[in-house]
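Please read the points below with the model open beside them. They go from the overall fold to single residues.

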Amino acid sequence: MRMRINQKMLAAAAILAVGLLAGCGTSASSRTASSAAGSAAASSAAASSVAEQTDAVQPIEQGTLDDMKTGSYKFAANITSIQNGQADLTVYSYDAYVKEDIDSLQEGDVIRTHLDSTDAAQTVTVTIDSIERNEDTGAVIINGGIEEGGVELWLDHDVYRTVTMDGYPVYYNVGELTLPLAENVTMEDSSADPQASAVESDGASAVETAFNADPDNWNCSNTTVFTDNGSVSNIVRIWVP
């Protein structure tokens, strides 16, 4: 019997499942609530074109570390240090796919994807021996899905994304970055417990102090970092089971 995902975990995953997508909103709250759909739509044509050229469905292109040094992004991250106005972090992403590409998949087709916690360059090609679609949940179950070592995708707004046994995306390691904190950077930390209100910190000095008072457990499962022109503009940490 296929497991049932805890609803609170789903809510947490929905917030974190935003990936490395450019063009974040202007306010912290609207950025946190936004999904992959907007940026994914902009990448749809390119992703489909790549899929046609290689005869394999490819993930939507996300971005590189060089892009992030100057651009505006939103990504899951492990934060290891915030000192002297700079944040040391490891960037994580996950595979998302153009809806039309996944809807057209059938047995015998191939799809490229990352394995959990692998390096960004390490993708695998999966030949589809079986494929099931759940119209009620939006899940696409390839080669038996998670429970049988296959691939499972969930429809998240207008794109499909990978999923692990616990309902989170299949994160892969993009690399390490050291980025400056914006002068007006903000932090929202509601990781204390499921009902905790967010503890907010405003400004580079306050964010640095708050982080160093509790420097452990800032990881890709609970932490989202927003950047604006290569500077950290907002950090969000939530409670996860």
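The notes that follow cover the basis of the model, its sheet, helix and cores, and then some individual residues.

1. Basis. The model is predicted; local features need pLDDT of at least 70, side-chain atom pairs count only at pLDDT 80 or more, and totals for chains, interfaces and linings use all residues. Residues are numbered from 1 along each chain as its sequence is written, and side-chain values use heavy atoms, with hydrogens and water left out.

2. Overall content. The protein has six helices and 13 strands; helices (H or I, at least four residues) and strands (E, at least two) are DSSP runs, numbered from the N terminus. Of the 241 residues, 48% are buried. Buried means under 20% relative accessible area, exposed means over 50%, and partly exposed is in between, with a 1.4 Å probe and protein chains only. Among contacts with a separation of 6 or more, 62% are between residues 24 or more positions apart; a contact means heavy atoms within 4.5 Å.

3. The five-stranded sheet. Five strands form an open antiparallel sheet, in the order β3-β9-β8-β7-β6. Strands count as paired if DSSP finds at least two bridges between them. At the edges are β3 (96-98) and β6 (131-134), each of which pairs on one side only. From one strand to the next, the twist averages 25°; axes here are lines fitted to C-alpha atoms, for helices over the stretch in contact, and angles run from 0 to 180 degrees between N-to-C directions. Strand β7 (residues 139-142) is joined to β6 by four bridges in the antiparallel sense, and Ala139 in β7 stands opposite Asn134.

4. Helix α6. Which residues of helix α6 are buried? In this helix (residues 204-213) they are Val207, Glu208 and Phe211. They lie on the same side of α6 because they cover an arc of only 100° around the axis, the arc being that of the directions from the helix axis to the C-beta atoms. Ser205, Thr209 and Ala213, on the other side of α6, are exposed. The packing partners of the buried α6 residues are β1 (74-83), β10 (171-190), β11 (199-202) and β13 (231-238).

5. Nonpolar cores. A nonpolar core is a set of buried Ala, Val, Leu, Ile, Met, Phe, Trp, Tyr and Cys residues joined through side-chain atoms within 4.5 Å. The largest has 23 residues, and Phe75, Ile79, Ile82, Leu89, Val232 and Ile235 have the most contacts inside it. At least two residues of this core come from each of β1, β2 (86-94), β10, α6 and β13. The largest share, eight residues, is supplied by β10. In soluble globular proteins, nonpolar side chains tend to be buried together. The contacts of Ile235 beyond four places in sequence include Ile79, Ile82, Met187, Val207 and Trp218. A second, separate core of twelve residues includes Tyr97, Ile128, Ile142 and Val151.

6. Asn219. This residue is in the loop between α6 and β12 (223-228). Asn219 and Ala77 are 142 residues apart along the chain, yet their C-alpha atoms are separated by 5.6 Å. Asn219 touches Ala77 and Asn78, not counting residues up to four places away in sequence. A polar atom of the Asn219 side chain lies 2.9 Å from the backbone nitrogen of Ser221. A polar contact is a pair of N or O atoms within 3.5 Å; within protein, one must be able to donate a hydrogen and the other to accept it, and residues adjacent in sequence count only if both atoms are side-chain atoms.

7. Positive phi values. Ser117, a residue other than glycine, has a positive phi near 70°. Ser117 is in the loop between β4 and β5 (123-127) and counts as exposed at 53% relative accessibility. Asn143, also other than glycine, has a positive phi near 50°. Asn143 lies in the loop between β7 and β8 (151-156) and is buried, with a relative accessible area of 19%.
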